Amino acid sequence: MPTVLVTPRSLSVGRHPAIDRLVEDGFEIRCPTPGAVPSQEVLLEALPGCDAWIAGIEPVSEEVIEAADRLKVVSRNGSGVDNLPVATLEARGIAVRRAVGANARGVSELALALTLAGLRHIVWTHEGMRQGQWPRRMGREVKGSRIGVVGLGAIGVDYAEACLALGAEVCGYDPFAPEDRITHERFRRVPLKELVGHVDAISLHAPMPQDGQALLTAERLALLPDGAVIVNTARAGLLDQQALLAGLESGNIACYATDVFEVEPPAMSPVLAHPNTILTSHIGGFTGPSVERAAVQAVDNMLEVLAAHAA
């Protein structure tokens, strides 16, 4: 039977029933770093001899793929493939599969929670009270607020619909999504420059641009209205970090709430250590239902490719 490398943190620690099912069917399972993101050195040692790889968010280099002597498929337990050298995989004839939309609800709900936390100053108030203070800062309601959504995939749409249900005015930017992705009287599609210039809060749900440069550049961040809240559950590199810090320092950006980092766990930077930043440890898709959907879909996608090779 085939050998399968399993590296997602949520599937490698304690093992998921979907992985146990593979064991029962005779598959050999390799989990080199249970509960942790594997390094390149670990991947270089673990991949040779593997026929399939259920992969997480770990960065994967071309060198790692070159060491994969039997690999037929990389099956992500999520939708993003920014961490994979897709062109190299395609050149090698190695299939790439994604669990599209599996964790959409988990991530979108966290994004909504972070938006509310930013608009109502929840973390700042909590910390003040823990220090014996009685902090009271005027908050804003979602109803009637202008919410911007960058990226209208499954997560962005779910988030936008939740904000609409709460009474927000929502504008979305996505140059690739169909025009009818969301139809609602309080939703409209706008260019990115217009979006950032007219929002109380903005939530990021987009992949990195192909050139690897920040989508919210210094010029675009400067267009944000005073007191804007930025929520990022997508990619850390989507924002110009120096401009973000300047906006936090000036107060133009009231709050930056993020669940994603360049390196995990991150070293504290001036942005991450800022008192108006809210940090969560990449828990967007880390809910029971999201993990279940992603695990089952990743395993099913992997088995489909292996079956095609065996036919």
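Student: H16 first: what relative accessible area does H16 have, and is H16 buried or exposed?
Tutor: H16 has a relative accessible area of 8%, so H16 is buried. The cut-off for buried is under 20%. One caution: this is a predicted model.

Student: Where is H16 found?
Tutor: In the loop between α1 (9–12) and α2 (17–24).

Student: Which backbone nitrogen does the side chain of H16 reach?
Tutor: The one of A18, at 2.9 Å.

Student: And leaving aside neighbours within four places in sequence, what is H16 in contact with?
Tutor: With L11, V291, E292 and A295.

Student: New topic. Where is the place of P59?
Tutor: P59 sits in the loop between β3 (52–55) and α4 (62–66).

Student: Does P59 count as buried or exposed?
Tutor: Exposed, because its relative accessibility is 62%. The exposed class starts over 50%.

Student: What is P59 in contact with, leaving aside neighbours within four places in sequence?
Tutor: L43 and N83.

Student: How many residues apart in sequence are P59 and V81, and what about in space?
Tutor: In sequence, 22 residues apart. In space, the two C-alpha atoms are 9.7 Å apart.

Student: On to strand β4. Which way do its residues point?
Tutor: Strand β4 covers residues 73–76. V73 and S75 point one way, V74 and R76 the other, and all are buried.

Student: Why do side chains alternate in a strand?
Tutor: That is how a regular strand is built: the side chains alternate between the two faces of the sheet.

Student: How many bridges join β3 to β4, and how do they run?
Tutor: Four bridges, and the two strands run parallel. Within that pairing, A55 is opposite R76 in β4.

Student: What about β4 and strand β5?
Tutor: β5 (residues 95–97) pairs with β4 over three bridges, also in the parallel sense. There, S75 has R97 of β5 as its bridge partner.

Student: Switching to α11. Which of its residues are buried?
Tutor: A243, L244, L245, G247 and L248.

Student: What covers the buried residues of α11?
Tutor: The cover includes α10 (218–221), β10 (228–232), β11 and β12 (277–279).

Student: What happens at the start of α11?
Tutor: A side-chain oxygen of D240 comes to within 3.1 Å of the backbone nitrogen of Q242.

Student: And just after α11?
Tutor: G251 takes a positive phi there, of about 90 degrees.

Student: Where is N252 found, then?
Tutor: N252 is in the loop between α11 and β11. N252 counts as buried because its relative accessibility is 14%.

Student: What touches N252, leaving aside neighbours within four places in sequence?
Tutor: N252 is in contact with L221, L224, P225, D226, G227, A228 and G247.

Student: Last topic. How much space lies in the second largest pocket?
Tutor: About 260 Å³. Its lining has 16 residues, and the closest to its centre are Q241, E262, A267, S269 and L272.

Student: Which elements give two or more residues to that lining?
Tutor: α11 (241–250) and β11 (253–258). α11 gives the most, with three residues.

Student: How do the residues of that lining divide into nonpolar, polar and charged?
Tutor: 11 are nonpolar, four are polar and one is charged.

How values were computed: Residues numbered from 1 in each chain as written. Predicted model: local features only at pLDDT ≥ 70, side-chain atom pairs only at ≥ 80, totals over all residues. Heavy atoms only, no water. 1 Å grid on protein atoms, 1.4 Å probe; cavity = no way out; pocket = protein on both sides within 12 Å on 5 of 7 lines; lining within 4 Å. Points joined across faces, edges and corners; volume = space filled by probe spheres on them. Nonpolar A, V, L, I, M, F, W, Y, C, P; charged D, E, K, R; others polar. Buried < 20%, exposed > 50% of the residue type's maximum accessible area, 1.4 Å probe, protein only. Contact = heavy atoms within 4.5 Å. Polar contact = N/O pair within 3.5 Å; in protein donor to acceptor, adjacent residues only side chain to side chain. Pairing = 2+ DSSP bridges.
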